[in-house]
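Okay, thanks for coming, everyone. Let's take a look at today's structure together.

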Amino acid sequence: NGYNDGTFKPNTYSTRAEAVAIISRLFDRDEIHTNCTEYPNNNPFSDVNEKHWSYNYLLEAYYEHSCDE
């Protein structure tokens, strides 16, 4: 997909957010599954705002769960 401006930057380092998004997409875990009761209603990341584009990917990867989709 690249970046919002349409560029692709193969020679730059990936951020944690980008790496988690790539891995989540690889395993078809694009979004938080809202039927999971294992997600507490708090932000476990002091360095990530809940409005950041990767927030849902990070939560999906962070919490252990097994939910029916």
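So, which residues make up the largest nonpolar core? There are nine of them: Val20, Ala21, Phe45, Val48, Tyr55, Tyr57, Leu58, Leu59 and Tyr63. By nonpolar core I mean a set of buried Ala, Val, Leu, Ile, Met, Phe, Trp, Tyr and Cys residues joined through side-chain atoms within 4.5 Å, and buried is under 20% relative accessible area with a 1.4 Å probe, protein chains only. Two elements give two or more residues to this core, helix H1 (16-26) and helix H2 (55-62), and H2 gives the most, with four.

Before I go on, this is a predicted model, where local features need pLDDT of at least 70, side-chain atom pairs count only at pLDDT 80 or more, and totals for chains, interfaces and linings use all residues. Residues are numbered from 1 along each chain as its sequence is written, and side-chain values use heavy atoms, with hydrogens and water left out.

Zooming out, the chain has two helices and zero strands; helices here are DSSP runs of H or I, at least four residues, strands are E runs of at least two, and numbering starts at the N terminus. Of its 69 residues, 30% count as buried.

A contact means heavy atoms within 4.5 Å. Across the chain, take contacts between residues at least 6 apart in sequence: 63% of those join residues at least 24 apart.

Key. Buried means under 20% relative accessible area, exposed over 50%, partly exposed in between (1.4 Å probe, protein chains only).
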